[in-house]
Amino acid sequence: MTEDPLTGQKPPEHQVRLGQRPRTRRDVPAKVLWIGVWLVFLSSPVGDLVGGHHTARATLAGSLGLAAFVGVYLALVFRNMGRSFAPRTVVGLIAVLAVLAPVLAYTLGSAWLGLFVYLSVACGATLPVRASYWAIPATAALMYLVGLHSNEKEARGLLLLVVLIGFAMVGVGQLVRTTIELRKARATVAQLAANEERLRLARDLHDLLGHSLSLITLKSELAGRMLPDHPDKAAQQVADIEQVSRQALVDVREAVTGYRRPRLAAELAGAQVALTAAGVVAEVPAEPDLAGVPGEAESALAWALREAVTNVVRHSGADRCVVRLLRRQTLDGPVLELSVEDSGSGGSGKGPGNGLTGLTERLEKAGGSLEAGRVGHGFRLVARVPMAAGADIGSGA
C-alpha cells in the first residue's frame, strides 16, 4: 500500500478512492457496489420480465437486451468515470446504450423507460462537460418521444428526473476529475520537495568536501616535501590533516541531518589557514561585525567565502588574496558585501562551475546576489546579502 505523498500516511485498507482503479481484488466489489447502486432502479424492467406480460421469445430477447445494457453501462462508467475523455471508447459505448434503451422501451413498454436514467447518468459521468450539456437534454427528449408510444404520463414524470440526475452526474464527474488532478498535483509537490532537498544536500556536500579535500591535498603535499629534512614539521602537517578530516566528517554528518549553518567568523579563520597552507599571501579580516545580519544571510556569505577560497586554492594559481567585508547602503536598503579578490586566473573553465551555480541559488534564497569575473590581472567574487532594517551602516573593512 503506497503512502500519501504529503502526510506520509497509508490510506485505510478498505478505502476505495474516487477516480482510482481498484488496487486489490478486495476493492473490486466495493467499486462495483458504489457505481452499481443505481441498478436498483432496474426493478421495473426485471419485474416486467418476471410478471409474464410477454411471450417467451420477447422475454428471452428482453432478458438478453437488459443484460447487454447493464454490462455496457457498468463497463462504461466503471472504466471511464472521471478519467480523460477517450472519444472512440466512450462514444461507442454510449451509442450502444442509446440504441438499446429506446429499442427495449419501445418494444416492451413503459416499464423500461427507466433505462434512459442510466443513459443520462452515463452521459453526465463520462462525456466532457460541453458535450453533456446537449447529450442529457437529448436523452430526456428521446425518452419522452418513446414514452408517447406507450405511456405519456409516466414519460412526463421521468422527464425531470432524467435531466436532474444527468446534470448531477456532471458535477460528480467534475469532482472526480478535480480529485485526480489534486492528487497528481500533491504528488508533483512532493517530488519537487524531494528534488529540492537533494539539490540542497548536493550543494552542501560540494562546498564542504571541496574545501576540506583541497586543504587535505595541500597539507599532504607539504608533508611529503618536509618529511626527508623536517620530520617534525611533516608530523604537524599530518596532525592538521587528521583534524581537517575529522572536521569534514562532522560537517558532512551535520549537512546530511540538515542542521548545519556555517558561521562567517569560523569560515574567515578557516580561509586564513587554507590560504596560508597553499602559499598564498592572505589578507583576511579578523573579527567581523555581524550586528543586524540575519542568520540565513550570514550562512549564505559563509558558503560564498568557502567556495571562493576553495577556488583560489584549487584553480586560480594566485599568490595573493584579499578578503573584505563591507557594509553598504544601496537603493534597496543596507547590505553586507563580501569581496574575495585574488591575483590568479580564476580557473580555466569557460562558464560558471557547479560551485558558483549552487552559490548563486543559495544567495538568491537569502535575498542576495553574486558577481564573479576577472578584474585587471586577477579574479574577484562579490557576494551581497540584505541586512535587517535599521542596522547601523559603516564603511570599514
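## Helices α5 and α6

In this predicted model, the axes of helix α5 (residues 115-126) and helix α6 (residues 129-150) come within 9 Å and cross at roughly 170 degrees. Axes are lines fitted to C-alpha atoms, for helices over the stretch in contact, with angles from 0 to 180 degrees between N-to-C directions; helices are DSSP runs (H or I, at least four residues) numbered from the N terminus. The crossing angle therefore makes α5 roughly antiparallel to α6 (over 145 degrees).

On the α5 side, the contact (heavy atoms within 4.5 Å) involves F116, L119, S120, C123 and G124, and on the α6 side S132, A135, I136, T139, L142, M143 and V146. Eight of these residues are nonpolar, four are polar and none is charged; Gly counts as polar.

## Helices α3 and α4

Helix α3 (residues 56-80) and helix α4 (residues 87-108) have axes that come within 10 Å and cross at roughly 150 degrees, so α3 is roughly antiparallel to α4.

From α3, the residues A58, G62, G65, L66, A68, F69, V72, Y73, L76 and N80 meet T89, V90, L93, I94, V96, L97, L100, A101, L104 and L108 of α4. By class, this contact has 16 nonpolar, four polar and no charged residues.

## Cysteines

The structure holds zero disulfides (pairs of cysteine sulfur atoms within 2.5 Å). C123 is buried at a relative accessible area of 3%, and C321 is buried at 0%; buried means under 20% relative accessible area, with a 1.4 Å probe and protein chains only.

## Basis of the values

Residues are numbered from 1 along each chain as its sequence is written, and side-chain values use heavy atoms, leaving out hydrogens and water. Local features need pLDDT of at least 70 and side-chain atom pairs count only at pLDDT 80 or more, whereas totals for chains, interfaces and linings use all residues.

Note on methods. Helices (H or I, at least four residues) and strands (E, at least two) are DSSP runs, numbered from the N terminus. Angles under 35 degrees count as roughly parallel, over 145 as roughly antiparallel, 65 to 115 as roughly perpendicular and the rest as oblique. Buried means under 20% relative accessible area, exposed over 50%, partly exposed in between (1.4 Å probe, protein chains only).
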